Amino acid sequence: MHREWHLPGADVSAQIDRILSSESFKNSESLRGLLVYLGRLYSEKPEGSVSEHELAVSVFWRRADFDSRTDSVVSVHTGRLRSRLAEYYMSEGDSDEILIEIPNGRYCLLPRRRPASNADELAEPAIAQEVRPVAVAEK
């Protein structure tokens, strides 16, 4: 089932490649690995989410007996990835058509198209309406 927010996997993959080639991500192998893994998951199951355990084992090379109560590697790196993506979109990616976010409390990508800019609307002056005084009858 495809929802309105679903974007084609090829578009999302191209956006991930653009992000990975940016200065913001070039020196962070752990964040790059997490983004690539979540991108692959999106391509396979756009509406899917992955468990913290699966990320720990598959991305961060933790053992099968990984326990998130004693090792916060996944939540810490996911929080860092959210922040780094926000920084990227405020700088190098400020004109990218596709925005990639990671919803709080979930381990998945939520790509969407950037909303159309209302800069054109702001550049045009609003038509001023004539204001007429209203007579008020005194009692």
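The following legends describe close-up views of a predicted model.

Residues are numbered from 1 along each chain as its sequence is written, and side-chain values rest on heavy atoms, with hydrogens and water left out. As the model is predicted, local features need pLDDT of at least 70 and side-chain atom pairs count only at pLDDT 80 or more, whereas totals for chains, interfaces and linings use all residues.

**Figure 1. Overall arrangement of the protein chain.** The protein chain contains five helices and two strands, in the order α-α-α-α-β-β-α from the N terminus. Helices (H or I, at least four residues) and strands (E, at least two) are DSSP runs, numbered from the N terminus. Of the 139 residues, 33% count as buried; buried denotes under 20% relative accessible area, exposed over 50%, and partly exposed the range in between (1.4 Å probe, protein chains only). Among contacts with a separation of 6 or more, 52% are accounted for by residues 24 or more positions apart, a contact being heavy atoms within 4.5 Å.

**Figure 2. The largest nonpolar core.** A nonpolar core is a set of buried Ala, Val, Leu, Ile, Met, Phe, Trp, Tyr and Cys residues joined through side-chain atoms within 4.5 Å. The largest such core has 31 residues, of which Leu 55, Leu 81 and Ile 100 touch the most other members. Two or more residues each come from α1 (9-20), α2 (29-44), α3, α4 and β1 (98-101). Helix α2 gives the most, with seven residues. Leaving aside neighbours within four places in sequence, Leu 81 is in contact with Phe 25, Leu 31, Leu 34, Leu 35, Leu 38 and Ile 102.

**Figure 3. Helix α2 and its buried residues.** The 16 residues of α2 should span 22 Å at 1.5 Å a residue, and the end C-alpha atoms are 23 Å apart, which agrees; the expected span is 1.5 Å times one less than the number of residues in the helix. Buried positions in α2 are Leu 31, Leu 34, Leu 35, Tyr 37, Leu 38, Gly 39, Leu 41 and Tyr 42. An α-helix has 3.6 residues a turn, so residues three or four places apart point the same way. The buried residues of α2 pack against α1, α3, α4 and β2.

**Figure 4. Surroundings of Leu 35.** Leu 35 belongs to helix α2 and is buried, with a relative accessible area of 0%. Apart from neighbours within four places in sequence, Leu 35 contacts Ile 16, Ile 19, Leu 20, Phe 25, Leu 81 and Leu 109. The C-alpha atom of Leu 35 is separated by 10.0 Å from that of Asp 17, 18 residues away along the chain.

Figure 5. Rings of Phe, Tyr and Trp (its six-membered ring) pair if their centres lie within 6.5 Å; planes under 30 degrees apart count as stacked, over 60 as edge-to-face and the rest as tilted. One aromatic pair is found in a search of the whole structure. The ring centres of Tyr 88 and Tyr 89 are 5.0 Å apart and the ring planes lie at 75°, so this pair is edge-to-face. Tyr 88 is buried at a relative accessible area of 2%, and Tyr 89 also counts as buried, at 12%. Elsewhere, the charged end of Arg 84 sits over the ring of Phe 25, 5.9 Å from the ring centre; the criterion is NZ of Lys or CZ of Arg within 6 Å of the ring centre and within 35 degrees of the ring normal.

**Figure 6. The loop between α3 and α4.** Asp 71 is placed in the loop between α3 (52-58) and α4 (73-90). The side chain of Asp 71 makes a polar contact of 2.7 Å with the side chain of Arg 62. A polar contact is a pair of N or O atoms within 3.5 Å; within protein, one must be able to donate a hydrogen and the other to accept it, and residues adjacent in sequence count only if both atoms are side-chain atoms. A polar atom of the Asp 71 side chain also lies 3.1 Å from the backbone nitrogen of Val 73. Not counting residues up to four places away in sequence, Asp 71 touches Arg 62 and Phe 66. Trp 61 is found in this loop as well; at 75% relative accessibility, Trp 61 counts as exposed. The phi of Trp 61 is near 55°, a positive value in a residue other than glycine.
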